[in-house]
Amino acid sequence: MGYRDVAKVGLGGPVGSGKTAMVKCLVPRLVEKGYEVGVIANDIMTQEDADVFRESFADLLPEDLVEGVETGACPHTGIREDPSMNLAAIDEFTERHPELDVVLVESGGDNLAATFNPELADYFLFVISVAEGEDIPRKRGPGVTQADLLVVNKTDLAPHVDADLDVIEADASEVRGEDPFVFTNCKNGDGVDETLDHIEREVLFA
Amino acid sequence: MTTNADAFLAALRLSDSFLPVGGYTASYGLEQYVNEDRIEDGDALQELIAAYLRRVVGPCETVALANAHEASATDDLEALLAVDERLHAVTMPREFRESSTKAGAKLCELLEQTDSRRTAGDPTGNSGGKVAGDGGAGCGEPVDLESTFADAIAADETPGHYPVVFGVVAQARGVSRLEACLAHAHAFVTGLLGAAQRLGRFGHTAIQTVLADLRPTIRTVCERHVDDEPRAMASFAPLAEIMGMRHERAERRLFMS
Ligand SMILES: Nc1nc2c(ncn2[C@@H]2O[C@H](COP(=O)(O)OP(=O)(O)O)[C@@H](O)[C@H]2O)c(=O)[nH]1
Ligand SMILES: [Mg+2]
């Protein structure tokens with residue numbers, strides 16, 4: 001058993017876009033559907049983030065399926081050029097839990113160019129938020145264009161930050177072509193089931 | 001001592017921070033020194049790295065590497081495992097041990113996948129294959145020490161410390177023992193300097209100055225320890241070890257060690 005034997009879903013995107021919030025939305029739903037889930041936090045103060053996950057998933061996941069991976073102040077390196085320490089953590093998960101179905105890997109918040117190494121993530125969500133500016137999809141960063149699924153989060157904030165969801169939708173359709181994107185609100189769960197459908201269809205049923 | 005072009009390129013590859021074995025996640029306690037405001041300028045950084053070279057990299061890792069290289073050259077698995085075990089015993093802070101064994105395992109795994117064709121007749125590859133008894137990759141096929149050691153690491157039969165793996169794979173690619181030690185020490189220094197630059201506020205010129213100034217130390221330390229016996233292996237860096245151990249309990253951490 002090793003990292004190749006388990007489905008790996010990466011969550012990338014800028015700091016504060018809602019990656020952690022999305023993981024917190026996805027894990028209970030995955031568990032409810034009967035999947036055994038592991039979670040890795042690459043965020044900047046990783047042990048702190050891992051502790052937050054351990055606490056919020058206390059009734060859902062064994063503690064040893066939540067791990068923080070320190071990336072030496074190089075978050076993009078950890079998920080792209082050299083994912084070896086993430087893969088080592090996943091190897092430990094699969095050794096302890098051979099039945100593991102899926103690992104969610106949250107990257108450290110990064111820039112719009114950060115993409116996941118395909119050996120680390122079979123499926124890669126890029127999470128942006130409407131509060132970071134409605135022009136983000138239009139800028140065509142590699143994260144936005146190459147992700148398997150683009151997640152546009154915090155739709156509830158759109159009216160407060162003068163972001164027009166129609167503009168974002170039109171831009172996202174244009175830059176993504178055939179590739180999917182979803183609108184989400186991690187505060188009330190809007191769009192999370194749709195996100196999960198994509199993940200299930202593309203990686204868990206595959 | 002120099003070396004053919006293939007060995008030179010192998011040494012460059014092994015000492016390049018591009019090698020994906022997680023080197024960028026290790027600070028060997030440097031993060032703790034910076035957090036405790038013990039490193040304020042380039043001189044202090046240089047002094048600290050020189051101390052690491054003299055007290056840890058030289059007497060510990062270089063000795064392990066050199067003896068692993070020797071064991072690989074003589075195809076002596078028993079000696080190799082003894083070196084690995086000894087290095088494990090003398091590496092005090094848990095995080096140092098973990099960084100080192102994770103990187104060692106990843107280097108083995110990586111080369112197994114990328115360089116496996118090496119054994120199929122590439123002259124720059126394996127220097128001394130042996131014949132597998134049973135088990136192995138099929139009866140009668142040559143199995144080199146590198147694969148045997150990789151299997152032992154994967155099966156948790158030996159810790160698989162990075163300098164030990166480094167010694168084996170460098171030897172198998174024709175890198176001489178001293179050059180392997182130099183390549184490893186150089187990579188250690190550039191790794192630590194990169195960590196320092198990301199942790200503190202050092203200019204690129206200041207960092208390169210430290211690197212240039214450390215060159216004689218790298219060389220002296222490697223030359224001094226390249227012929228040491230395995231039992232000489234010991235580290236004499238109580239403060240670094242204390243920093244490494246305090247790092248384990250630090251609240252703010254960017255690095256694995
Ligand atoms: N209003 C609103 N806030 C959100 C939403 N998703 C996340 N947040 C908040 O945004 C902040 C950053 O979210 P977090 O998930 O930590 O971002 P990360 O850095 O990408 O992991 C937190 O305060 C979250 O509660 C959302 O859909 N709507
Ligand atoms: Mg986060």
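Leaving aside its neighbours within four places in sequence, with which residues is Leu30(B) in contact? Counting as contact any heavy atoms within 4.5 Å, Leu30(B) touches Ile39(B), Leu45(B), Leu48(B), Tyr52(B), Leu192(B), Ala195(B), Ala196(B) and Leu199(B). This is a predicted model, in which local features need pLDDT of at least 70 and side-chain atom pairs count only at pLDDT 80 or more, while totals for chains, interfaces and linings use all residues. Residues are numbered from 1 along each chain as its sequence is written, chains are lettered from A and ligands numbered from 1 in the order in which they are written, and side-chain values use heavy atoms, with hydrogens and water left out.

**Ligand 1**

- The shell around ligand 1 (residues with a heavy atom within 4 Å) has 16 residues, the closest being Gly16(A), Lys19(A), Ala21(A), Asp156(A) and Cys186(A).
- Helix H1 of chain A, residues 19-32, supplies the largest share of this shell, with three residues.
- A polar side-chain atom of Asp156(A) lies 2.7 Å from a nitrogen atom of ligand 1, whereas a polar backbone atom of Cys186(A) is 2.7 Å from an oxygen atom of the ligand.
- Taken alone, ligand 1 exposes 580 Å², and the protein buries 73% of that, the areas coming from the Shrake-Rupley method with a 1.4 Å probe, where for residues only the protein chains shown count as cover.

**Lys187(A)**

- Lys187(A) lies in the loop between strand S7 (181-183) and helix H7 (192-204) of chain A.
- Lys187(A) is exposed, with a relative accessible area of 76%; exposed means over 50%, buried under 20%, and partly exposed in between (1.4 Å probe, protein chains only).

**Chain B as a whole**

- Chain B has ten helices and two strands, and buried residues make up 50% of its 257 residues.
- Among contacts in chain B between residues at least 6 apart in sequence, 80% join residues at least 24 apart.

Definitions and conventions
Polar contact = N/O pair within 3.5 Å; in protein donor to acceptor, adjacent residues only side chain to side chain. Helix = DSSP H or I, 4+ residues; strand = E, 2+ residues; numbered from the N terminus.
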